Amino acid sequence: MDAPQPHPWRLDARGQRLFDVLLATALLLPVAAFPFVDDDGVTWTVLSLAQLVPLYWRRDHPTTVFAVVALASAAQALVLDLPLWGQVAFPVATYSVARFASAVPAAVALGVGVCGAFVATFDWLGGMDAPLSTASVGTYTVFLTAIVATAWALGTLGRVRRAYVDGLVERGERIAREADQRAELAASAERARIAREMHDVVAHGLSVIVVQADGARYAAAADPEVATATLETIAATGRESLTEMRRLLGLLRAGEETGWRPQPGLADLPALVDGARAGGAEVDAVLPEETASVPDGVALTAYRVVQESLSNVRKHAGPSPHVRLSVTTGAELVVEVEDDGRGAATADDRQGNGLVGMRERVTVHGGRFEAGPRPGGGFRVAARLPL
């Protein structure tokens with residue numbers, strides 16, 4: 001499985017609150033000296049506090065904070081005709097409403113800021129007894145408007161970026177959930193398919209038992225030795241069918257009806273090899289002897305692993321791949337399929353169910369399954385099934 005991707009780094013709720021407190025406190029520190037500076041120190045202090053204190057809540061209530069700061073700034077224009085330190089709160093409030101509110105309040109804040117820039121220009125130039133020339137008015141207005149516009153632009157950029165990142169994170173989480181759901185559905189469907197095929201194996205064994213039992217019953221009177229050999233066959237077939245039935249327990253079963261028929265096994269592997277060669281692949285195959293004794297369920301699983309592996313080679317390995325197929329029996333049945341194609345470099349669209357199905361089949365029989373890129377290029381599938 002792919003390693004989970006880390007989320008974008010952000011301050012948590014506690015970190016955000018601490019940052020806001022530190023910012024507002026740092027801006028308030030110079031205000032402590034205002035009462036001792038001038039006769040108007042008290043007025044400066046009150047106006048600065050009215051502008052700066054609301055910044056403690058700028059993240060949770062950005063629109064309200066901006067409204068309070070804007071009103072305090074308007075009051076300053078009526079009371080004083082000089083710039084004041086507390087007015088640094090206005091661009092901070094403008095940034096906050098653009099960053100943490102929606103687009104409409106942000107646009108209103110920008111408009112209020114532009115109007116405030118014009119008012120502040122005439123108010124301050126008048127207070128400094130400066131000539132109201134086109135150059136001076138234009139310079140002050142552009143400067144103050146640029147401050148407000150920059151704060152608004154940075155806040156808007158942060159809001160848009162956060163929405164974009166949140167969308168990417170949500171989309172990634174949704175894709176991961178959908179992939180897990182697809183894998184679960186694929187596993188469930190594969191279990192149902194395995195259950196049907198195992199049913200066919202067991203039903204086939206029971207049919208053999210019934211036929212042999214009928215034959216033994218008719219032969220018992222005429223030739224007891226034939227009846228004895230037939231009963232031995234019945235016993236062996238019954239034990240094998242019981243083994244397969246135990247492996248069937250725990251599997252989910254779809255409610256559809258199914259008939260029984262002999263399923264493919266090791267004897268059918270040469271047909272798969274011939275089909276792969278006809279499709280353009282160069283296949284070096286090492287197959288077990290036709291006399292190899294393997295339970296039907298294990299043989300069917302080995303057949304399906306080889307079938308799906310060769311199918312993946314045709315779909316993903318590219319033109320003229322070289323395939324090495326090995327199916328050997330001993331204490332366990334070992335299936336290995338390797339190719340030198342480009343399937344390992346193919347992007348995983350999380351749509352396929354082949355590997356999931358193979359793993360489910362092998363696990364049902366208590367086996368081990370491996371699949372992944374092969375050293376030197378290509379892809380490798382290996383399954384070990386106990387006998």
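Because the model is predicted, local features were considered at pLDDT of at least 70 and side-chain atom pairs only at pLDDT 80 or more, whereas totals for chains, interfaces and linings use all residues. Residues are numbered from 1 along each chain as its sequence is written, and side-chain values rest on heavy atoms, with hydrogens and water left out.

The secondary structure of the protein chain comprises 10 helices and 5 strands, these elements being DSSP runs (H or I of at least four residues for helices, E of at least two for strands) numbered from the N terminus. Of the 387 residues of the chain, 37% are classed as buried, where buried denotes under 20% relative accessible area, exposed over 50%, and partly exposed the range in between, computed with a 1.4 Å probe on protein chains only. The accessible surface comes to about 22,000 Å², and carbon and sulfur atoms contribute 61% of that area; the areas derive from the Shrake-Rupley method with a 1.4 Å probe, and for residues only the protein chains shown count as cover. Among contacts in the chain with a separation of 6 or more, 72% join residues 24 or more positions apart, a contact being defined by heavy atoms within 4.5 Å.

Helix α3 takes part in two of the helix pairs described here, with α2 and with α4. The axes of α2 (residues 41-52) and α3 come within 8 Å and cross at roughly 160°, so that α2 is roughly antiparallel to α3. Axes are lines fitted to C-alpha atoms, for helices over the stretch in contact, with angles running from 0 to 180 degrees between N-to-C directions; angles under 35 degrees count as roughly parallel, over 145 as roughly antiparallel, 65 to 115 as roughly perpendicular, and the rest as oblique. On the α2 side the contact involves Thr43, Leu47, Ala50 and Gln51, which meet Val68, Val69, Ala72, Ser73, Ala75, Gln76 and Val79 of α3. By class, this contact contains 7 nonpolar, 4 polar and no charged residues, with Ala, Val, Leu, Ile, Met, Phe, Trp, Tyr, Cys and Pro counted as nonpolar, Asp, Glu, Lys and Arg as charged, and the others, Gly among them, as polar.

Helix α3 (residues 62-79) also packs with α4 (residues 89-100), at an angle of about 155° and with the axes 9 Å apart, so that α3 is roughly antiparallel to α4. The crossing of α3 and α4 is left-handed, a term applied if the near helix is turned anticlockwise from the far one by less than a right angle, with right-handed applied if clockwise. Pro62, Thr63, Phe66, Val69, Ala70 and Ser73 of α3 form the contact with Ala89, Phe90, Ala93, Thr94, Ser96, Val97 and Phe100 of α4, and these residues divide into 9 nonpolar, 4 polar and no charged.

Serine 73, a residue of helix α3, is buried because its relative accessible area is 12%. Beyond its neighbours within four places in sequence, serine 73 is in contact with Gln51 and Phe90; Gln51 lies in the α2 contact set, and Phe90 in that of α4. Leucine 84, in the loop between α3 and α4, is likewise classed as buried, at 9% relative accessibility. Its C-alpha atom is 7.5 Å from that of serine 48, although the two residues are 36 residues apart in sequence. With residues up to four places away set aside, leucine 84 touches Phe34, Trp44, Leu47, Ser48, Gln51 and Gln76.

Alanine 98 of helix α4 counts as buried, with a relative accessibility of 0%. A C-alpha separation of 5.7 Å brings together alanine 98 and tryptophan 152, which are 54 residues apart along the chain, and the contacts of alanine 98 outside four places in sequence are with Ala106, Trp152, Gly155, Thr156 and Arg159.
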